[in-house]
Amino acid sequence: MKEIDLSARSLGVNFNQAGEAHIVVWAPLLESVEIYLDQTRTMYPLQKDKFGYWELTTPELKPGDLYQFVLNDGRHVPDPASISQPYGVHGSSRALNIGSYDWTDQSWKNPNLEDYIFYELHVGTFSEAGTFAGVESKLDYLVDLGITAIELMPVAQFPGKRNWGYDGVYPFAVQDSYGGAEGLKHLVNACHEKGIAVVLDVVYNHMGPDGNYFSLYGPYFTKQYLTPWGEAINFDDEWSDGVRDYFIENALMWFRDFHIDGLRLDAVHAIRDFSPVHILKEIKQYVNELSQQTGRNHYLIVEMELNDTRFINSFEKGGYGMDAQWSDEFHHALRVSAGGERTGYYADMDGTAAFAKAYQNAYVHTGEYTFRRNKTFGTPTDPFPSHQFVVFSQNHDHIGNRMNGDRSSQLTNFEMLKLMAGSVITSPFLPLLFMGEEWAESRPFLYFTDHTDPELSTAVREGRKREFAAFHGEGEAPDPTIQDTFDQSKLEWGLQQDHIHHTLYNYYKQLIQIRKDHALIRKADRRNMEVTVDEAKDVIVVRRWEGPQQLLICMNFSSDPYVITVSDQAPIWKKCLDSADPQWGGEKASPDELQARSELTLQPESILIYSHE
């Protein structure tokens, strides 16, 4: 089988030191493959090896040239490993020299994962420009906020110019309307110069439908399993070696050629693979080898709806070796504690009792029976360090999958927003913010697409209406296919300067600085953490310690004041943060200093933090 070269990309079009194009495409079942050069209108045949790889080395194809592959039925189609699609998902591919960028980030060192403070953003709606350059123009703002890592929603080429990114059909190509491969490299380089890591969201569980030519090339999909998007990607059926190598090379490319610091792998529970070595483990094995060569940390973070620590467990313990995972149940329990609905995937969340458990374990269900799933669900998280879990009060899914794209600022009041932010940022886990939450952005983040196929656009529109038919009392679901839906989702940056919004921004800054300053928060050892909950009163009190250092975090999710007796584990407690302080738009500040065993009144819907050094 073809060996994977850690030092350079092999699939698609790449250029050697002599300036020749080396062309490789995997099409094991085809009888002929030719490359068509658009500029000269000439074709050159490729030669097939025994594993189904077609190859050609030629000086005729230059960087910047457009090309297509011609299959044995005479059909002209784009390169499945294209780096650039300047004319969209159905147009010709453009050859680029992927190693030509002049990087200036040689001194960059990817921070330890425990120091990550994530900021998830959608390139198209984060700035008015909707490009990588637009993101770059806001980096000083993110540095001021205290962000240490941005997480980009998928940038692989998708149909049209408006999409969340999960309909991508060219995993190696960077969305042209965002600025393409050069624009992404420039952004990553600029981030590193500002001290910000870059995490990229990638999709290895399905391909989008519009512009998907993979089946013309070979068995990229299998009928053995079905996913919510159709046939599963072929990771373990006949001919799966070529598919596995395709995605392994993709992961290596982002780290090696684009200097990406981490990948967030979308919905890995939808990856079907019963091979002796799971595809995630094999990707991690190669990434580890690459790290040894580059001397840099390269992180793999998974999203999944399973409370299954096998994904983040070490190879030695039978795991897949992923560095961290998103914790949806932390979000679900927090939303219910904050007064949110208890339907759908929130149904099993028992308010503050569930959130107290999530605050301690990242998961709510760690092996108990869940009536929503009608089965025992989850595994214990006790042996795993806190930095293997990413938590949030909102993200693109939990906003955009609501009919009207409601953010937390539309669902709850200002005091509760501050409490929710505090509960995430002071948690022992890695905090993630979604763009605009730090100033209570009032615009929605809606679901939007820009498919080139009118029938597919109609199907998406009608499907969205059916999905929310039960909510007809709230009006009709916004049309995801029109420009206005996308435009409504763009951040309103001017809002951040308004008084109450600017107050919240400064509050977030203070919270983030507290996290950075206090090792008991940033590097929390959950073995030295005690979480108590008064379920009847919706109050959670957390105590952490390390030697003489003590930290007290009090969260009141109710609309009534609550009196506690301060722990006697320290003689004097000094206030670090008080969300009810008038400087943060609150009603009444708590004392700056407390004696052990004194009484403390928690204001409604507030978070209080005291420490003893």
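**Close-up views of a predicted model**

**View 1. Arg 256 and its surroundings in the predicted model.** The side chains of Arg 256 and Asp 257 are joined by a polar contact of 3.1 Å, in a structure that is a predicted model. Arg 256 has its place in helix H6, and a polar atom of its side chain lies 2.8 Å from the backbone oxygen of Leu 6. Leaving aside residues up to four places away in sequence, Arg 256 touches Asp 5, Leu 6, Ser 7, Ala 8, Arg 9 and Leu 290. With a relative accessible area of 13%, Arg 256 counts as buried, because that term applies under 20%.

**View 2. The largest nonpolar core, seen around Trp 254.** This core has 164 residues, and those with the most contacts inside it are Trp 254 and Leu 263. Helix H6, which spans residues 240-258, supplies the largest share of the core, namely ten residues. When residues up to four places away in sequence are not counted, Trp 254 touches Pro 171, Phe 172, Val 174, Leu 184, Leu 200, Val 202, Tyr 204, His 259, Ile 260 and Leu 263.

**View 3. An open sheet of six strands.** The strands follow the order E24-E25-E26-E31-E28-E29, and their pairing is antiparallel. At the edges stand strand E24 (529-534) and strand E29 (593-595), each of which pairs on one side only. Neighbouring strands of the sheet are turned against each other by 20° on average, with direction ignored. Within the sheet, strand E28 (residues 572-578) and strand E31 (residues 606-612) run antiparallel and are joined by four bridges, and Asp 578 stands opposite Leu 608 in E31.

**View 4. Two helices against the sheet.** Helix H9, made of residues 351-361, lies across E24, strand E25 (539-546) and strand E26 (549-556), and it runs at about 175° to E24. Helix H12 (residues 414-425) also packs on the sheet, where it touches E26 and E31, and its direction makes about 40° with that of E31.

View 5. Side chains of opposite charge can pair when their charged atoms come close. Arg 264 and Asp 266 meet in this way, their side chains forming a salt bridge of 3.0 Å from N to O, and both Arg 264 and Asp 266 are buried. The count of salt bridges in the model comes to 32.

View 6. In one of them, the side chains of Arg 443 and Glu 492 meet at 3.7 Å, N to O. Arg 443 sits in the loop between strand E23 (430-434) and helix H13 (454-467), whereas Glu 492 sits in the loop between helix H14 (483-488) and helix H15 (499-517), 49 residues apart. Arg 443 is partly exposed, with a relative accessible area of 30%, and Glu 492 is likewise partly exposed, at 31%. In the other, the side chains of Asp 479 and Arg 461 meet at 2.9 Å, N to O; Asp 479 belongs to the loop between H13 and H14 and Arg 461 to helix H13, 18 residues apart. Arg 461 is partly exposed, with a relative accessible area of 23%. Elsewhere, salt bridges with shared partners join Glu 151, Asp 201, Arg 264, Asp 266 and Glu 303 into one network.

Methods: Residues numbered from 1 in each chain as written. Predicted model: local features only at pLDDT ≥ 70, side-chain atom pairs only at ≥ 80, totals over all residues. Heavy atoms only, no water. Pairing = 2+ DSSP bridges. Axes fitted to C-alpha atoms, helices over the stretch in contact; angles between N-to-C directions. Contact = heavy atoms within 4.5 Å. Salt bridge = Lys/Arg side-chain N within 4 Å of Asp/Glu carboxyl O. Buried < 20%, exposed > 50% of the residue type's maximum accessible area, 1.4 Å probe, protein only. Core = buried A, V, L, I, M, F, W, Y, C linked by side-chain atoms within 4.5 Å. Polar contact = N/O pair within 3.5 Å; in protein donor to acceptor, adjacent residues only side chain to side chain.
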